[in-house]
Amino acid sequence: MYRNIFKYDDMKRSEHMAVRENVGWYLFTHQLMQVEGDDAEAFLDYVFPNNIATLKPGRDRYTTMLDENGEIIDDVVVMRFDDHFWISTLFPSYMDDWFYAHQGDFDVDYYEVSDDWHMFAVQGPLSKDVLNGICAEPVDGLRFFQHSENSIDGMDVIINRGGFTGEKLGYEVYCAESDTDAVEEKIREACDKAGGRQVTEFQVMAWTLPTEAGFYYMRDLRHANPFEVGLAANINWDKDFVGKAALEKVREAGPAREMLGFTVADDDPFIQAKQYGGPGEAVYLDGEEIGRVSKMVYSYVKDINCGYILADAGKLKVGDTIDIHGSEAVICERNWLA
Amino acid sequence: MTKKIDQRLPKDSGATKLPNYAAIKSPWERMYGFRDAMRYITRYEAVFGAAILQGIRILIPEYEDRAQTICQAAFDRMYATSQKYGVTQEYLLNMHPFMCGEFVGALIGDEGDDGMLMPGRVQDFGTYRCEKELDACPWDIIGSELCRATTMSLQSQARGSAERHRQGPTLDYAMVEARGCGDRHCRIVAENREKYPMPEHALWQSFGPIATADQIKCTPEEECVEDPMVFREECGFKFANGTNLEESSEMAAMVQFATSACLYFFPTLTRAIDEGRLEEKTVMHVLKCVLEAAGKAAFGEPYARLAAREWLGVPVEAPWDGRIMGGHIEMMLQALMCSYEVEAFNKDEVILVIDRKGLEISNGWMQTPCHVAYWNGMVKTLVSPQWFVFEEGSAEKTIRVCIAKKIDKFC
């Protein structure tokens, strides 16, 4: 009876493919934590394992935030401005507590500015042209994870090159809360003119687009460490950071689990995934449970069901086939845009 | 009457040796773990709620009128709750600013289900469609009107949450399957009517049909679960939703303390009284009649009496007297986390002084007379018709419940 909620949904497909083939835009406001003070740089360099001290004003950096066990609490983008930082997070409740717990003698102040700013994602091959058409200054010079001040129709905005879609060209437009309607209208007009469309479906902006690019969202990372999910490459081991001692042990022993991609060719697979909450479908190999399904969505680019499995390390390799709740799944890399 | 308290170990007996043993304990030291206590109280409250609903069925005989009245009260009550506590809830549930529309309401319902021991799974969570499936529901004996009303409480919280974000698509929440109506599962499907058009309907008609029946993901019987995540090993004994909220089993206790099925009913009756549709005297008369009968039915069969003694750990040689009823009430109060003091506990009488706030969840003033009527019915069959449960000497903050022999020619 079950009919795939992704595969046959033309609305989801068209919103998704607008980003891949043209330009898609959507309100994608995350919570923002502003961090300032004399020790802001040193503090953030301590609470995040990746290098924040080397981050230059106008640039961004992706990093995890770990607990003392080396498990990921959150993954964030740190944006550096001349005299403060912004941290784009989905868990300000965790972050606020965590900062407080580790503030110690650092001369640092942090507070949410989420109510003051909205952010529109403008993503896809034509995104640069769209923004060049409405911004006072061209955005051509922006490199990936670089941001600059600009204006749209006289309204101050911050344009950040980056996004959660895996597109080579994608931007985030930050505007004051009071300008949101007007900025939205400008973006809508420009995208419509370019043949793009608004992305309105949460599942597209949070699940299908990022998953195709191998990105993580929320529960994918919960209770995993950076080695298990492939986010350890940019950790700065030469500095002290929260969770370092535990993570060093993982580095020595090797991760116990690994995040793998999988595809399922069945039209309507009946597979539970952690993205909806709960434990996720158990994955068995020779009768032994070796992992759980973290995510199960649909790649509209490859036209196939795809997802992630957090499995015991070394039990599965790319190309293996396994049975997941009656469907044959093929293990693959976590990237369906390559 | 001597007000004597027979020898019984103190409530905290063993606490220093078993500091983490979360249990309820009968006067005869029969202990139950936290899970059993929560399962017990949810069902106890459900049976109590079922009796209340029977009273409402007498008071408002037409199904449509009754269901609409209960649904409207549920919608208004939970919308007001959302206005009051929604911001905190949103913060804890990790609802993000970009989550525009009424679909975020599904997050609230999902968390509440687990706390109310209604295990299942989210099958879809999107801007235009959500689906939640429950395998078990302690409230499945109460009546279909409640199934409709719980759907409306979800609808109202969804609306309240959505209003705090930039405008987004609305959703029409429908309980397309309900254990309370005989279905294997409870299933809520919420659809956006622009994407999935269907005829408009009144609040009480929240059972569907829906436009996306072909997208329903129905878990087969053999894969259904009995316990919520907080009591399941595969979940690490934690509730975890899709937005990374994690909660331990303590959540279940908090939910039991804050809600029960009858909270859908008492406000309905209060409103009907305030609006002049019903008379308070008639309402209380009907409720007391129904509850006393329900209480008598609880232990009408001889095996039910014996099972109650076994549940309470009453020694075989102990006589049938009011202490058994007292112990029964104590177990319920403990599971409800309602504090009480034992003023008397002997073969002639039991007196319990109960914290009013703990028993009357959300200030429901009708609850105490209803509970007392229910217990008074129970004691007739559990102990004997010579015994009565009645309220005497209550104060503003406490309810003084007496269990003693009496003669009442009008009972």
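Reader: Where does A:Phe145 lie?
Author: This is a predicted model, and in it A:Phe145 is in the loop between helix 4 (127-134) and strand 8 (147-152) of chain A. Its phi is near 60°, a positive value in a residue other than glycine.

Reader: Why point that out?
Author: Because most residues other than glycine have a negative phi.

Reader: Okay, and which residues does the cis peptide bond in chain B join?
Author: It joins B:Gly208 and B:Pro209, with omega at about 10°. B:Pro209 is in a loop too, the one between strand 6 (186-191) and strand 7 (239-240) of chain B.

Reader: Let's zoom out. How many helices and strands does chain A have?
Author: Chain A has seven helices and 17 strands. Its radius of gyration is 21 Å, close to the 20 Å that the globule rule gives for 338 residues, so chain A is as compact as a globular protein of that length. The C-alpha atoms of chain A fill a box of roughly 60 × 55 × 30 Å along the principal axes.

Reader: And chain B?
Author: Chain B has 11 helices and 12 strands. A compact globule of 411 residues would have a radius of gyration near 22 Å, and chain B agrees with that at 22 Å. Its C-alpha atoms take up a box of roughly 70 × 55 × 40 Å along the principal axes.

Reader: What domains does the assignment give for chain B?
Author: It gives domain 1 (23-49 + 279-405) and domain 2 (79-259). Their centres, taken over C-alpha atoms, are 32 Å apart.

Reader: How many residues are in contact between those two domains?
Author: In chain B, 13 residues of domain 1 are in contact with 14 residues of domain 2. The domain 1 side of that contact has eight nonpolar, two polar and three charged residues.

Reader: Can we look at helices now? At what angle do helix 1 and helix 7 of chain B pack?
Author: Helix 1 (residues 34-59) and helix 7 (residues 280-298) of chain B pack at about 135°, and their axes are 9 Å apart. That angle makes helix 1 of chain B oblique to helix 7 of chain B. The crossing is right-handed.

Reader: Which residues meet there?
Author: From helix 1 of chain B, they include B:Ala51, B:Ile52 and B:Ile58, and from helix 7 of chain B they include B:Val283, B:Leu287 and B:Ala294. By class, the residues of this contact are 10 nonpolar, two polar and no charged.

Reader: How about helix 2 and helix 6 of chain B: what angle do they pack at?
Author: About 105°, with the axes 9 Å apart; helix 6 covers residues 266-274 of chain B. Helix 2 of chain B is therefore roughly perpendicular to helix 6 of chain B. B:Thr69, B:Ile70, B:Ala73 and B:Arg77 in helix 2 meet B:Pro267, B:Thr268, B:Arg271 and B:Ala272 in helix 6. The residues of that contact divide into four nonpolar, two polar and two charged.

Reader: Last topic! How many residues does each chain give to the contact between chain A and chain B?
Author: Chain B gives 32 residues and chain A gives 28 residues. On the chain B side, the elements that give two or more residues are helix 2 (63-92) and strand 3 (120-125).

Reader: Which element of chain B gives the most to that side?
Author: Strand 3 of chain B does, with four residues. By class, the side of chain B that touches chain A has 15 nonpolar, nine polar and eight charged residues.

How values were computed
Residues numbered from 1 in each chain as written. Chains lettered and ligands numbered in written order. Predicted model: local features only at pLDDT ≥ 70, side-chain atom pairs only at ≥ 80, totals over all residues. Axes fitted to C-alpha atoms, helices over the stretch in contact; angles between N-to-C directions. Parallel < 35°, antiparallel > 145°, perpendicular 65-115°, else oblique. Left-handed = near helix turned anticlockwise from the far one by under 90°. Contact = placed C-beta atoms within 7 Å. Nonpolar A, V, L, I, M, F, W, Y, C, P; charged D, E, K, R; others polar. Domains from an automatic or database assignment. Rg over C-alpha atoms; globule rule 2.2 N^0.38 Å.
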